[in-house]
Amino acid sequence: MNGAQDLGGMQAFGPIHPEDDVSLFHADWERRVLAMTLAMGATGKWNIDTSRAARESLPPAQYLSSSYYEIWFEGLKKLLLSTGLATAEEIEAGELKRAASPVPRVLMADQVPAALLRGGPADRPATAAARFEVGDIVQTRQMHPSTHTRLPRYCRGKRGRIIAAHGTHVFPDTNAIGLGEQPQWLYTVRFDAFELWGADTTAASVCVDCWESYLDYPNAGPD
Amino acid sequence: MELRVRALETVLVEKGYVDPKALDILIETYEHKVGPRNGARVVAKAWSDPAYRQWLLDDATAAIASLGYTGRQGEHMIALENTPAVHNMVVCTLCSCYPWPVLGLPPVWYKSAPYRSRAVIDPRGVLREFGFELPAEMEFRVWDSTAEIRYLVLPMRPPGTDGLSEDDLAELVTRDSMIGTGLPKTPEPKRELT
């Protein structure tokens, strides 16, 4: 989705404020939003890709004028509504109007440390040979899906070189929209910064993790 | 927001979807237990122990796990070695991907639009805003964390640190030096400007 989350290369956001991070949180509610998002993620009603998609599909004006945890709050609300776990009226009032829907799991306090240490690996057994090898020159697809994708706009339709192959990983583009994990080979592609930005850059190169279906061999033809 | 968030929490708890004590433990963990001191231990060990350094560069997930740092948002780790010729900087332009087990939760600026927008196009300008300038001939390599691979920068060991213990070395490793927006401290701080 060409949403406001896809910030790479945008300008005029002003200076970075490294000194702003005296604390990781500005208010207690931010802590609760973080924890609720993690705990609800553990119920198994949705996955990390659905969760990212819910946040980034906020209208751009709202996304850009919201703080980080406001975006998380809105994303969590959206997921609760779309899965029917709660109604807008309930969330607004803080009162139950309907019985709970079943969830696959509830993360209990005593399970938290082990769950965090375990994490949620995204690699899956390979079911196909890798199409590309380290060293191959590839070109990212020109594409603009209206649903979730992890190929940033600034590196679509660009040539780069494969510098690593990571095995097969869950494919966010399908996993985010209920089409399953459909694991694909994942590669790191190094783009010459000039290929991405022309002369208007101080980077030498930018490396981006790309799933196999984001990539193709460059079109044969005059360079 | 305080009231709206409390209302939401009430609904989730009363419906039985979340255990309120689990929320407290999640917060306690990421606010006080997991943080960049973990990453500093990894870096200090790599500076002190060539075999560990090589393991970290070959298989960062296993090398980092050997120190007990595993799990959520660090399932697949890669270490990026800074050298006299190459400076690495890590960003997530699409959201806020960050290696939690070694660095904790990301700082506010890492998640903010100014950093996410500019790191990929003007890393040198970004580093300057953090107060550092690197030689013009040094190559800036930026890593955009678009998948579930998480990156940890292995900064160069500062000069004048021969004979320091791992514990003392870890004190020199700043969080920002492991993101690539800073450099480690030196025992007698001095910054080189080009």
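In what order do the elements of chain B run from the N terminus on? In this predicted model, the order is α-α-α-α-α-β-β-α-α-α-α-β-β-α. Chain B touches chain A through 62 of its residues, and a strand of chain B pairs with a strand of chain A.

**Chain B**
- The secondary structure of chain B consists of 10 helices and 4 strands.
- Along the principal axes, the C-alpha atoms of chain B occupy a box of roughly 60 × 35 × 30 Å.
- Chain B has 194 residues, and 54% of them are buried.
- Of the contacts in chain B between residues at least 6 apart in sequence, 72% link residues at least 24 apart.

**The side of chain B that touches chain A**
- The 62 residues of chain B are in contact with 72 residues of chain A.
- At least two residues each come from the helices α1 (2-14), α2 (20-33), α7 (108-111), α8 (113-118) and α9 (123-129) of chain B, and from its strand β3 (139-144).
- Helix α1(B) gives the largest share of this side, with 10 residues.
- By residue class, this side of chain B comprises 32 nonpolar, 19 charged and 11 polar residues.

**Strand pairing between the chains**
- β3(B) pairs with strand β5 (residues 205-211) of chain A.
- The pairing of β3(B) with this strand of chain A is parallel and spans 4 bridges.
- Within β3(B), Val142(B) stands opposite Val206(A).
- β3(B) is also among the elements that supply at least two residues to the side of chain B touching chain A.

Conventions: Residues numbered from 1 in each chain as written. Chains lettered and ligands numbered in written order. Predicted model: local features only at pLDDT ≥ 70, side-chain atom pairs only at ≥ 80, totals over all residues. Buried ≥ 20, exposed ≤ 12 C-beta atoms within 10 Å, placed from the backbone. Contact = placed C-beta atoms within 7 Å. Nonpolar A, V, L, I, M, F, W, Y, C, P; charged D, E, K, R; others polar. Pairing = 2+ DSSP bridges.
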